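Here is my note on the structure, written as numbered points for someone who is new to reading such models. Please keep the sequence and the structure open beside the text while working through it.

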Amino acid sequence: MKENQNIDELLNSFIDGELGPREQTEVQRLVAHDAEVAGKLRELQKCRLMVSVLPFDDAPAEITQDIKAALERKTLLGARHSDFEQRRGELHLFARKFAAAAAMFLLVVALGAVVYTIVSPGDAKHKKVAVDKWSQPVKKVVVQKSEIKEVAVSKPVASPQVVVEKPVAKVEDFTGKVELRVRDVAAADAFIHRAFEDNGLTSQSSPVGTGRKVYSIDCSEQTLKSFLGQLKGIWSRFDSTRLLVNETAVVDGVTAEQIYNIAEQASLTGQITTAKNFAALNNMNQRLPGKEVMTAMSDKQDDLANIPKPVLTAKEKAKEAAVTEGAKRIHLTIVITPNK
Amino acid sequence: MDERGLINKDGRPETAKVSIDDTVLVEQCRRGDSLAMERLILKYQNRIYNIILKMCANADDAAELTQDTFVKIIESIDGFRGKSSFYTWAFRIAVNLTLNYCKRNSKFAAHSLDGANEGNGEQGRAQLREILADANLPDPGAVAANRELCEIIMRVLMTLDDEQRAVVLLRDIEGMNYAQIAEVLNIELGTVKSRISRARGRLKEIMETILQ
């Protein structure tokens with residue numbers, strides 16, 4: 001069976017001219033020597049011949065035009081399809097652009113809301129709270145000499161304000177005059193001279209006629225304190241005392257500590273106010289019975305008495321003078337008048 | 001480039017000569033040259049129509065299939081890479097379309113065989129009997145002249161499988177060699193040989209059956 005198939009294929013290839021010269025020769029020899037193969041070859045040739053002589057049918061004359069028309073229809077349909085696809089693509093693109101724009105808008109709105117929430121002064125609820133707290137102190141930032149401080153102010157403000165506060169007035173010097181009356185002027189003068197020396201002050205007493213002694217002191221606050229503390233030891237021996245503060249206020253019966261309290265006030269107004277207060281107080285004390293007892297009690301509680309005497313060397317004095325230079329100065333004039 | 005023409009030992013005009021101008025025509029057609037496209041159609045429309053008609057045995061369907069073939073050729077010509085000749089490429093499209101058509105009309109072959117056994121065409125059957133009985137080969141002109149015999153042969157052809165009929169027609173009608181047939185049908189060369197062998201053996205059997 002297999003062999004017959006091979007022979008049939010060989011014979012068909014032979015009649016179709018598909019064999020090489022050698023195979024062709026072999027087939028010819030085979031056919032020449034084998035009648036059966038020769039008969040089979042002839043049958044195959046007849047089949048081939050009968051098919052090949054079938055009449056050639058030309059295509060219909062109009063087929064060329066039909067093909068052209070079909071191509072044109074296809075082209076038109078393709079163009080229409082293309083137009084449709086283009087329109088659909090444009091719509092799709094428009095939809096995508098619209099969606100993108102909407103997304104961008106929503107994003108901007110969301111970001112704006114977030115930013116508004118952060119930076120806005122507050123919504124209605126917050127405003128109500130602000131109104132409720134209107135009368136409460138609001139922190140205000142105060143700048144003083146390039147330094148920012150927070151201070152409480154009573155005025156309501158919508159938002160923190162930055163204001164520049166005027167610099168605080170410089171501490172004002174004290175200028176005063178103490179008038180003391182004493183019977184033994186010489187003893188008092190000696191004591192005061194000693195106090196001057198102990199506190200490093202230069203005696204500037206100027207003897208005036210009628211036995212009056214005038215002393216002029218220009219020192220620091222601390223020196224005044226020390227000086228007055230030392231002077232307090234003889235203060236009770238003075239028959240009367242009077243202090244004139246800047247030739248404005250007068251304090252009768254002033255004590256050594258009252259002088260210091262007045263002198264230590266930073267401003268002139270403070271000095272005068274304090275002086276007036278002491279004047280009123282002293283006036284009341286003069287009129288109250290048993291004033292001497294009160295004075296004695298008051299003297300015992302005096303802090304000035306406890307102040308140790310400063311023992312300063314010449315260098316320390318110079319140093320103190322340098323340190324105190326530019327600080328508050330005390331200009332005090334002491335007048336001792338003999339009480340006859 | 002393929003230069004072989006349709007084998008015609010019977011003195012018929014050589015209407016199916018493959019020209020080397022195919023490459024030029026295809027290139028011009030690609031550039032949108034309608035004249036080149038028309039020339040390609042005119043050059044191959046009859047040959048393709050003839051094969052399609054022999055395969056499907058229906059003139060209207062053959063015309064429609066031919067039209068579809070050329071539309072597809074023109075539409076697909078940009079995709080033609082030249083790995084094969086335009087000739088085999090065009091026939092491949094035509095045969096594939098026709099084979100698909102035949103598959104959709106698979107009962108057609110059985111009907112044609114019934115027609116061949118009917119009483120019409122006694123003259124053709126008689127001549128067929130003479131041809132088969134004669135030890136010598138018949139005169140091709142005489143066979144072609146006998147219209148009844150041709151109809152019988154066509155009916156016998158239609159009894160073959162579609163693939164067998166295709167190889168026989170491409171070989172004996174279109175005159176392709178085995179390599180070209182293998183290219184058109186996208187099959188191996190050995191498959192072409194075996195198919196042709198079986199197809200011709202089958203034709204002989206059917207003819208003998210008809211004459212009994």
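**Note on the two-chain model**

1. In helix α1 (residues 22-30) of chain B, the buried residues are B:Asp22, B:Leu25 and B:Cys29, where buried means that 20 or more other C-beta atoms, placed from the backbone, lie within 10 Å of the residue's own. Helices (H or I, at least four residues) and strands (E, at least two) are DSSP runs, numbered from the N terminus. Viewed down the axis of α1(B), its buried residues lie within an arc of 65°, so they line one face of the helix; the arc is that of the directions from the helix axis to the C-beta atoms.

2. On provenance, this is a predicted model, in which local features need pLDDT of at least 70 and side-chain atom pairs count only at pLDDT 80 or more, while totals for chains, interfaces and linings use all residues. Residues are numbered from 1 along each chain as its sequence is written, and chains are lettered from A and ligands numbered from 1 in the order in which they are written.

3. The cover over the buried residues of α1(B) includes α2 (34-56) and α4 (86-104) of chain B. Just after α1(B), B:Gly32 adopts a positive phi of about 90°.

4. Helix α4(B) has 19 residues and spans 27 Å from its first C-alpha to its last, close to the 27 Å expected at 1.5 Å a residue, the expected span being 1.5 Å times one less than the number of residues. Its buried residues include B:Trp89, B:Ala90 and B:Ala94, and the buried residues of α4(B) pack against α1, α2, α3 (59-76), α9 (162-173) and α10 (178-185) of chain B.

5. Where the chains meet, the contact takes 33 residues from chain A and 43 residues from chain B, two residues being in contact if their C-beta atoms, placed from the backbone, lie within 7 Å. On the side of chain A that touches chain B, the largest share, eleven residues, comes from α3(A).

Technical notes: Buried ≥ 20, exposed ≤ 12 C-beta atoms within 10 Å, placed from the backbone.
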